[in-house]
Amino acid sequence: MKSKAFKGFLAISILLSAAWMVPHFAAAQESGTVVPDTVEVVKARVIDIQKEEEQVIPGTDTPGLFQTIEAEILEGSQKGKIVTFTDDYLHLQKGDIFYLNHTVQTMDGIETYAEMDAYRMPTIYLFGGMFVLLVLLIGGMQGLRGLASLTGSLLLIFFVLIPGIIGGLSPVLVSVVVSAVIIIVGSYITHGFNKTTSSAVVGMIITVLFTGALAYWAVHMGRLTGYGTDESVYVTLNSRGKIDILGVLLGGMMIGFLGILYDVAIGQAISVEELHHIAPHVEKKRIYSRALRIGREHIGALVNTLAIAYVGASLPLLIVYAQSSTPISQIANREVFATEIIRTFVGSIGLVLAVPITTFLAVMILVKRRGAADKEIIHEEREALKHYEHHH
């Protein structure tokens, strides 16, 4: 808040957001106080498309489709009322259900109606149901445990992490605690209480702590402010600066890579367990080497996944900058991109380190000391491993 960079960014963001903010606040002339407009968001159904034509979007030379829509309000204080408004956003059809924004201006009592968003809950329910059904049919009991773990993680995020941050707790501290709980509870629910799960849990917690320290260093070294998006500015304005946005950025970095970290750690622990099970006479060093070989293959795919996922999510923004003449170095240096680049690198470093850390812990915990095993079997196994390493 005290930095000049933030003050400049905040001033620009407020100016750019004026069109959104001004309609929601009107001055009441009688009292001289600022009183918010009355805003109600309700579901509505399209009764008729009275007019549909292509017009140039104001302030641009780009054509757009404008509709004059007659709709019935389905809920709220004006349920059953028929209203007419102009839509240049959703491109609705007769019978469509959508969310309508009903605003009553405090100063003069004028009522306005505007489309808010499409009603997408049926689609969400359909694909959510398909996901759950397939997980249960194909995953069986393990799939059910996975769903229970996912539910627990979401409950922790929405009822512990977010309220804690809003309540003024340190975002970094809350994120570390919630991350640890998600790791512990999720792992044991899904894979049961055993040494394999415990080795993965310890490996994940160590990796999260190290990655958190690395993220803290990277964020401060890169002079990131956390205000790379409009949402961060709105959070600051709504909380009057009480929420530590930089801490939220750091917490988001740790929470964001938990899912992939979980995949890596559990995979490595199970690899060690299976290798030891099929060859109990092989020494710890060899088990570690073979399990690490599996982890290396996993790393290549996961690091690629992180980077491509960001590119896919930010494709429209990337296209906007690609159409300009700005050098690529300046584009990457902008906070909106630099934040995600640093987030990807920090997360990838954490995933890479999780492989040797978890593998080492799993070997120490799961692999028993060799007893008086048959020396000929040990010799044959070593020769086979040497032959394999020579050809790979």
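In the hairpin formed by β6 and β7, six residues lie between the strands, and Gly-109 adopts a positive phi near 75 degrees. The model is a predicted one, in which local features need pLDDT of at least 70 and side-chain atom pairs count only at pLDDT 80 or more, whereas totals for chains, interfaces and linings use all residues. Residues are numbered from 1 along each chain as its sequence is written, and side-chain values use heavy atoms, with hydrogens and water left out. Helices (H or I, at least four residues) and strands (E, at least two) are DSSP runs numbered from the N terminus, and two strands are said to pair if DSSP finds at least two bridges between them.

Strand β6 (residues 97-104) is joined to β3 (residues 38-56) by eight bridges in the antiparallel sense, with Glu-40 standing opposite His-102 of β6. Seven bridges connect β6 with the antiparallel strand β7 (residues 111-118), where Asp-117 lies opposite Tyr-99. Strand β4 (residues 63-73) pairs with β5 over six bridges, again antiparallel, and Thr-84 in β5 is the bridge partner of Glu-70.

Among the helices, α12 (residues 335-366) comprises 32 residues and reaches 45 Å from its first C-alpha to its last, close to the 46 Å expected at 1.5 Å a residue, the expected span being 1.5 Å times one less than the number of residues. A bend of about 30 degrees occurs in α12 at Ala-354, with a proline, Pro-356, following within four residues; the bend is the angle between axes fitted to the seven residues ending at a residue and the seven starting there.

Helix α9 (residues 284-313) packs against α12 at an angle of about 165 degrees, with their axes 9 Å apart, which makes α9 roughly antiparallel to α12 (angles over 145 degrees). By class, this contact of α9 with α12 has 19 nonpolar residues (Ala, Val, Leu, Ile, Met, Phe, Trp, Tyr, Cys and Pro), two charged (Asp, Glu, Lys and Arg) and five polar (the others, Gly among them).

Conventions:
Axes fitted to C-alpha atoms, helices over the stretch in contact; angles between N-to-C directions. Parallel < 35°, antiparallel > 145°, perpendicular 65-115°, else oblique.
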